[in-house]
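Thanks for coming. Please look at the model first.

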Amino acid sequence: MISSPLMTVMVDAVRKAARGLRRDFGEVENLQVSRKGPGDFVSAADRKAEEVLRDALLKARPGYGLVLEENGIIEGTDKSHTWHIDPLDGTSNFLHGVPHFAVSVGLEREGQIVAGAIFDPIKDELFVAERGKGAYLNNRRLRVSGRQDMADALVGYGTPYLGRGSHPRLLRELGAVMAVAGGTRRMGSAALDMAYVACGRLDAYWERDLQTYDFAAGVILVREAGGFVTSADGAAEPLAPRSVACGNEGLHRDLVAILKKVQAA
C-alpha cells in the first residue's frame, strides 16, 4: 500500500464518506418497497457523502480546487491542483439496491492526474494509485491483464443516461466490439470499471459522455498498473474529451481501432 501523506489524506476522505453510504445503502434496500421510491433519499445520501469528502480534502489541502458532482467547480488559490470528486459512482445501482458502487477521488496536477483512490464500501475494496508509486488493491500490487487476443477478452463499457449522449453510436460500437470480443459487461460504475481493468478483472473498457470526476481516479490506476488510457477516439489525455478507452497495450490499441472504424463508417 502507498503510505505517502497525499494518499493518507485521500484514503481517509473516501473511507469517511463511505461510512455514511454503507449505512444509507441498507435504508435504500428497505425503501424499494415504498410507493414514493428511494430517489430523494439517495440524492440526500449523495450530497452528504460529497460534503464529507469536500470538507476532509479542503481541511487537508485548503488551496486546492475541486470539481464536484453535486456542487460544480470550486476554484482554489492553488491553480495547479484540482480534486475530481464523485461521492457515489454507480448511483443507479445504489438507487435500486444493487451492491456495486464506489467513492472516487482523483487529483489533477497541472493537467495530469497524479493520484487516485476508489473505494467500494460493500466489498471493502480500496483501489489506490499515485504517479510513480504503483497501483494497489488493499495491500496487493496491481497489474493489468496479460491477454492479447480480443477473442479471449472481457470488455467493459458504459451506456449514456437517458437524454445524454448517443445511444445509436453506442449500439454501433457495441456491435463491432461484440463481433470480436470474448464477452462484454456493463456494470454501472465507470470508476470501478477502470479499477477492474487495473486489476485484470476486465481486459479493456470504454465509455463516452462522462464527467471528469467519473473517471479521473481510474486514469492513474490503469496507468500505474501498466495499462494504457486515452479518450475513446485515441487522444492522449481523456479529461477534455470526457471519454475513455483503456486496457493493456495490445487490447487498448485494438479497442481504439474498432471504435475509430465505427466512427469513420
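**Pockets and one asparagine**

The largest pocket is lined by 29 residues, and those nearest its centre are Glu69, Thr91, Tyr161, Arg164 and Asp214. A pocket here is an open set of points on a 1 Å grid over the protein atoms alone, where a 1.4 Å probe fits, with protein on both sides within 12 Å along at least five of seven lines; a lining residue has an atom within 4 Å of a point. Two or more lining residues come from each of α2 (39-60), β3 (78-89), α3 (91-95) and α6 (212-224). Helices (H or I, at least four residues) and strands (E, at least two) are DSSP runs, numbered from the N terminus.

This is a predicted model: local features need pLDDT of at least 70, side-chain atom pairs count only at pLDDT 80 or more, and totals for chains, interfaces and linings use all residues. Residues are numbered from 1 along each chain as its sequence is written, and side-chain values use heavy atoms, with hydrogens and water left out.

The space in the largest pocket is about 630 Å³. By class, its lining holds 11 charged, 10 polar and 8 nonpolar residues.

The domain bounds come from an automatic or database domain assignment. The centres of the two domains, taken over C-alpha atoms, are 21 Å apart. Across the divide, 38 residues of domain 1 are in contact (heavy atoms within 4.5 Å) with 24 residues of domain 2.

Now the second largest pocket, with a volume of about 260 Å³. Its lining has 20 residues, with Leu66, Val67, Ile73, Thr82 and His84 nearest the centre. The largest share, 5 residues, comes from β3.

Last, asparagine 248, in the loop between β13 (244-247) and α7 (249-264). Is asparagine 248 buried or exposed? Its relative accessibility is 4%, so it counts as buried; the cut-offs, with a 1.4 Å probe and protein chains only, are under 20% for buried and over 50% for exposed, with partly exposed in between. The side chain of asparagine 248 reaches the backbone nitrogen of leucine 251 at 2.8 Å. Setting aside neighbours within four places in sequence, asparagine 248 is in contact with residues including Val144, Arg147, Asp203 and Phe228.

Terms used:
Grid points are joined across faces, edges and corners, and a volume is the space filled by probe spheres set on the points. Ala, Val, Leu, Ile, Met, Phe, Trp, Tyr, Cys and Pro count as nonpolar, Asp, Glu, Lys and Arg as charged, and the others, Gly among them, as polar. A polar contact is a pair of N or O atoms within 3.5 Å; within protein, one must be able to donate a hydrogen and the other to accept it, and residues adjacent in sequence count only if both atoms are side-chain atoms.
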